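Subject: Structure handover

Hello,

Here is the structure I said I would pass on. Please open it alongside this message; my notes on what was found follow below.

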Amino acid sequence: MRLKNSLYNTFFLLIQQLVTAVYGLVIPSLIIKTYGSSVNGVVSSITQFLSYITLLEAGVGGVITAAMYKPLAERNENKLSGIVIATEQFFRKLAKIFIIYLVILAIIYPYFVKDKFDWLFTFTLVLIISISTFVQYYFGITYQMLLGADQKSWIVACIQIISTIISFGVTLLCVYKNTSIHTLKVITTLVYVFRPVAFNYFVKRHYKINRYVEPDNEALKHRWDGLAHHIAYIIHCNTDMTVLTIFSNVLEVSVYSVYYNIVVNIGKVVSSFSSGIKASIGNLIACGKMDSVKQILDEFETLYFMIITIFYTCIIILVVPFVSIYTRGVADVNYCRPTFSILLACAEAAYALRNPYDMVIFASGHFKQTKKGAYEEAFINIAISVILVKRYGIIGVAIGTLVAMLFRVFQYVLYLKNNILFRSPSIFLKKLCLNVLIGFIVVVSSQYISIETKNYFQWAQYAFFVLIYTTSTVFLINIIFYKKEVFGIVRHFRKNKNK
């Protein structure tokens with residue numbers, strides 16, 4: 001059953017991230033060409049500022065998901081109901097605080113961009129975009145956690161796929177009709193109301209949530225330990241754009257957001273490979289099967305490193321030619337930033353590297369033990385970004401992110417070695433060095449490939465060749481050095497399939 005759920009989760013999460021990636025690539029391009037880079041920059045900046053409100057979640061997401069594993073494994077409905085009710089009460093309180101934050105942001109933020117837009121334009125845009133954030137985040141997030149913990153992330157993915165496709169169609173229609181940016185955001189906000197309604201409907205039909213049990217506030221007691229990890233995540237996702245908004249301008253924010261949307265959306269496709277087995281790992285840990293966890297991690301780690309190397313090597317080679325086509329005709333700012341693109345891709349690759357270790361640590365409930373490293377990561381990211389942004393601009397903030405991500409992934413590896421899996425860090429280092437070397441070889445050798453990329457069709461041909469070349473090289477060299485691990489996961493799937 002764990003294997004079946006993992007496959008379902010991985011497949012639908014992968015489809016969801018592919019749909020989201022297409023949406024994230026097409027829509028900003030339409031906004032830039034229809035409304036201008038300044039509007040794209042201010043929309044991206046507002047979205048980032050609104051996401052800081054999730055700090056109030058206090059890291060409860062990972063804590064609650066971890067707390068749900070055991071009652072789900074034991075089919076303890078009363079215990080699960082208590083956790084669900086306590087979580088709902090917690091988020092209802094946060095909803096009230098969100099409204100206060102929203103009003104303050106709507107009043108103050110327009111002064112950051114007053115040289116580009118008048119106060120009323122920005123004020124109303126903040127209000128409209130915030131409604132979408134509010135609806136998606138607070139109404140349905142508890143049930144979304146429940147489905148994820150119960151190895152049913154594929155349900156969440158399906159609902160999000162449908163809403164994203166509808167939003168995509170609505171946005172295309174609005175752009176075709178030449179509606180204002182405010183009207184476009186109002187209509188897409190209405191589309192996202194569908195998500196929490198669908199989550200509520202599915203859970204009420206398939207789970208017996210007892211509304212008369214006492215809220216299990218004990219499940220929330222570790223939320224302040226989870227806060228550190230949540231802060232690090234928020235800093236990772238939002239620091240760069242915030243620093244650029246304050247110390248640079250919305251045009252640079254627009255440049256950053258174009259590359260960030262491309263790299264991060266592709267990164268989400270990569271992370272879907274690990275997200276699919278996250279709940280299964282949690283279930284095994286809840287059942288005390290640590291030997292199985294270690295075996296799965298050893299095999300999955302090798303495959304996951306290969307996937308990361310393939311995707312991010314391709315990004316480094318292909319992203320600048322793509323952006324050149326993507327922003328053709330846009331003359332208000334230079335979008336060709338090769339050095340920045342390499343640094344950003346490396347930073348996101350480092351962030352992706354920690355996913356297997358992150359899910360084992362969180363599933364084990366080790367929030368308090370690892371919170372110091374989370375705070376240190378956040379501090380490093382902010383400090384370096386602020387110090388370097390004045391002199392190096394978006395390159396400076398990318399360096400800050402890269403250094404912070406490398407620090408944290410090594411901290412995770414050492415923690416697993418000393419506290420949970422007791423495996424040597426040399427296992428990680430050997431795989432890392434090998435795949436970094438492979439990526440470097442592919443990037444350097446790709447410079448000798450002379451294929452024009454003047455349009456999307458030519459770029460697609462070039463991308464196909466690069467993908468085949470990179471994938472072949474990565475698999476061939478990894479099979480030479482890690483034949484046992486590469487084929488071990490295949491044997492694992494066959495073994496479970498025949499049970």
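Contact, as used throughout this message, means heavy atoms within 4.5 Å. The model is a predicted one: local features need pLDDT of at least 70, side-chain atom pairs count only at pLDDT 80 or more, and totals for chains, interfaces and linings use all residues. Residues are numbered from 1 along each chain as its sequence is written, and side-chain values use heavy atoms, with hydrogens and water left out.

Overall picture

The secondary structure of the chain comes to 19 helices and zero strands. Helices (H or I, at least four residues) and strands (E, at least two) are DSSP runs, numbered from the N terminus. Of the 499 residues in the chain, 57% count as buried. Buried means under 20% relative accessible area, exposed means over 50%, and partly exposed lies in between (1.4 Å probe, protein chains only). Among contacts in the chain with a separation of 6 or more, 85% are between residues 24 or more positions apart.

Two single residues

Lysine 185 sits in helix α8 (residues 181-192). Is lysine 185 buried or exposed? Lysine 185 is buried, with a relative accessible area of 18%. Not counting residues up to four places away in sequence, lysine 185 touches Val43, Leu125, Ile128 and Ile129.

Leucine 388 is in helix α15. Leaving aside neighbours within four places in sequence, leucine 388 is in contact with Gly393, Gly396 and Ile399. For leucine 388 and isoleucine 399, the separation is 11 residues in sequence and 8.2 Å in space, C-alpha to C-alpha.

Salt bridges

Side chains of opposite charge can pair when their charged atoms come close. The definition used for a salt bridge is a side-chain nitrogen of Lys or Arg within 4 Å of a carboxyl oxygen of Asp or Glu. Searching the whole structure gives seven salt bridges; some of them are described here.

- Aspartate 216 pairs with lysine 79 in a salt bridge, with the closest N and O atoms 2.8 Å apart. Aspartate 216 lies in the loop between α9 (194-206) and α10 (223-247) and lysine 79 in helix α4 (residues 77-108), so the pair ties together parts that are 137 residues apart in sequence. Aspartate 216 is buried, at a relative accessible area of 13%, whereas lysine 79 is partly exposed, at 38%.
- Glutamate 252 forms a salt bridge with arginine 337, and the closest N and O atoms are 2.9 Å apart. This pair links distant parts of the chain, 85 residues apart: glutamate 252 is in helix α11 (residues 250-286) and arginine 337 is in the loop between α12 (290-326) and α13 (338-353). Glutamate 252 and arginine 337 are both buried.
- Arginine 354 and glutamate 377 meet through their side chains in a salt bridge (3.2 Å, N to O). Arginine 354 is in the loop between α13 and α14 and glutamate 377 is in helix α15 (residues 367-392), so the pair ties together parts 23 residues apart in sequence. Both residues, arginine 354 and glutamate 377, are buried. A network of salt bridges links Arg354, Glu377 and Arg408.

Helix packing

Axes are lines fitted to C-alpha atoms, for helices over the stretch in contact, and angles run from 0 to 180 degrees between N-to-C directions.

Helix α14 (residues 355-363) packs with helix α16 (residues 394-420) at an angle of about 45°, their axes being 10 Å apart. In this contact, Tyr357, Asp358, Val360, Ile361 and Phe362 of α14 meet Val409, Tyr412, Val413, Tyr415, Leu416 and Ile420 of α16. By class, the contact of α14 with α16 has 10 nonpolar, no polar and one charged residues. Ala, Val, Leu, Ile, Met, Phe, Trp, Tyr, Cys and Pro count as nonpolar, Asp, Glu, Lys and Arg as charged, and the others, Gly among them, as polar.

Helix α16 also meets helix α17 (residues 425-446), where the axes come within 9 Å and cross at roughly 145°. Here Val409, Phe410, Val413, Leu414 and Lys417 of α16 meet Pro425, Phe428, Leu429 and Leu432 of α17. That contact has eight nonpolar, no polar and one charged residues.

Regards
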